[in-house]
Number of protein chains: 2
Amino acid sequence: MRRPAEDMPIGVELDCGTHAVTEQEIIEFATEWDPQYFHVDRDAAAHSNFGGIIASGLHTASIFQRLAVTGVYTGYDVIAGKEIQSLRFLRPVRAGDVLSCTIVVRSVEPDGAGRCLVSIAGTLRNQLGRPVLELEVDSLVRSREEA
Amino acid sequence: MRRPAEDMPIGVELDCGTHAVTEQEIIEFATEWDPQYFHVDRDAAAHSNFGGIIASGLHTASIFQRLAVTGVYTGYDVIAGKEIQSLRFLRPVRAGDVLSCTIVVRSVEPDGAGRCLVSIAGTLRNQLGRPVLELEVDSLVRSREEA
């Protein structure tokens with residue numbers, strides 16, 4: 001059973017687990033969705049500012065989403081995402097990185113009939129503990145009387 | 001040859017082409033990156049607020065990126081994306097939708113040695129001309145003396 005928005009714990013850092021990034025995954029994602037040379041071409045990327053292949057920002061954001069969904073969101077009665085307020089790519093993500101995800105529910109506010117607007121801050125850190133992605137996202141989640 | 005940031009046309013709406021969305025693509029993307037029931041489970045999604053499967057917001061954002069990369073970005077000497085300032089999911093995207101992408105370069109400003117910060121506004125519209133995604137993104141692009 002999916003729980004209503006009012007059950008979401010506000011202000012608590014929630015651990016959503018980890019994801020190991022491979023070169024194959026970086027190249028496959030970017031070949032389909034973000035085919036810039038520094039994401040898909042090992043030889044050309046060696047001459048980029050980063051000296052090698054880095055993950056697409058949308059790939060990194062998708063890793064965040066996968067971890068947040070399986071770690072937290074599926075326990076609640078989410079209607080849909082509404083807006084990502086800010087998505088900051090703080091450091092390059094490379095093959096071999098192991099990314100860990102945490103989220104904090106910032107607020108849960110009534111937003112029309114039977115639903116709440118839930119604001120979440122999320123962070124992905126690499127295996128050195130350094131943030132690679134920070135974001136703030138607003139989603140709609142069913143409220144108790146509707147859930 | 002990739003052109004420098006200073007060659008990007010400011011204030012002009014650039015057409016980046018279209019992408020036809022299929023149910024298979026919606027389900028495949030979401031199964032890997034955003035496995036919420038309203039993206040992956042046709043039967044369960046029939047009982048959601050949208051009455052059927054809708055595309056993941058990250059899938060929609062990835063469609064935007066693919067069109068923007070192949071339509072415009074690959075002509076310029078992009079270093080990396082820096083921040084997506086805002087990513088607004090305005091309407092559901094469903095199988096059968098044909099999304100068209102436009103971008104406008106808002107500004108190109110020097111940003112340290114040999115590079116510029118480029119601010120872009122992008123829009124995806126469906127086949128009815130209605131916006132489904134709007135975003136603002138800042139990227140780093142090599143400047144003329146380095147390109």
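The chat below walks through a predicted model with chains A and B.

Student: Let's start with chain A, how many helices and strands are there?
Tutor: In this predicted model, chain A has four helices and five strands, and read from the N terminus their order is β-α-α-α-α-β-β-β-β.

Student: And what does the C-alpha trace of chain A span along its principal axes?
Tutor: The spans come to about 55 × 30 × 25 Å, and of the 147 residues in chain A, 53% are buried.

Student: What share of the contacts in chain A is between residues 24 or more positions apart?
Tutor: Such pairs account for 69%, where the contacts counted are those with a separation of 6 or more.

Student: Which residues does UniProt list for a domain in chain A?
Tutor: The UniProt record, an unreviewed entry, gives residues 19-107 of chain A as "domain: MaoC-like"; in the model that span is 38% helix and 27% strand, and its end C-alpha atoms are 27 Å apart.

Student: What does His19(A) touch?
Tutor: Leaving aside residues up to four places away in sequence, His19(A) is in contact with Glu25(A), Ile63(A), Arg66(A), Leu67(A), Asp97(A), Val98(A) and Leu99(A), and also with Trp33(B) from chain B.

Student: What about helix 1 of chain A and helix 4 of chain B?
Tutor: Their axes also come within 8 Å and cross at roughly 70 degrees, so helix 1 of chain A and helix 4 of chain B are roughly perpendicular. Here Phe29(A), Thr31(A), Glu32(A) and Trp33(A) meet His59(B), Ser62(B), Ile63(B), Gln65(B) and Arg66(B).

Student: And at what angle do the two copies of helix 1 pack?
Tutor: Helix 1 (residues 23-33) of chain A and helix 1 (residues 23-33) of chain B pack at about 150 degrees, with axes 14 Å apart, and are therefore roughly antiparallel. Their crossing is left-handed, and Glu25(A), Phe29(A) and Trp33(A) meet Glu25(B), Phe29(B) and Trp33(B) there.

Student: Switching topic, which residues touch the most other members of the largest nonpolar core?
Tutor: Those are Tyr73(A), Ile103(A), Tyr73(B) and Ile103(B), in a core of 86 residues. Ile103(A), for instance, has among its contacts Val12(A), Leu14(A), Cys16(A), Phe64(A), Ala68(A), Val72(A), Tyr73(A) and Ile120(A), not counting residues up to four places away in sequence.

Student: Last one, why does Ser119(B) count as buried?
Tutor: Ser119(B) has 18% relative accessibility, so it falls under the 20% cut-off. Ser119(B) lies in strand 4 (residues 115-125) of chain B and touches Val104(B), Val105(B), Arg106(B), Ser107(B), Val137(B) and Asp138(B), again not counting residues up to four places away in sequence.

Definitions and conventions: Residues numbered from 1 in each chain as written. Chains lettered and ligands numbered in written order. Predicted model: local features only at pLDDT ≥ 70, side-chain atom pairs only at ≥ 80, totals over all residues. Heavy atoms only, no water. UniProt positions renumbered as here; feature names shortened; annotations may be inferred. Core = buried A, V, L, I, M, F, W, Y, C linked by side-chain atoms within 4.5 Å. Buried < 20%, exposed > 50% of the residue type's maximum accessible area, 1.4 Å probe, protein only. Contact = heavy atoms within 4.5 Å. Axes fitted to C-alpha atoms, helices over the stretch in contact; angles between N-to-C directions. Parallel < 35°, antiparallel > 145°, perpendicular 65-115°, else oblique. Left-handed = near helix turned anticlockwise from the far one by under 90°.
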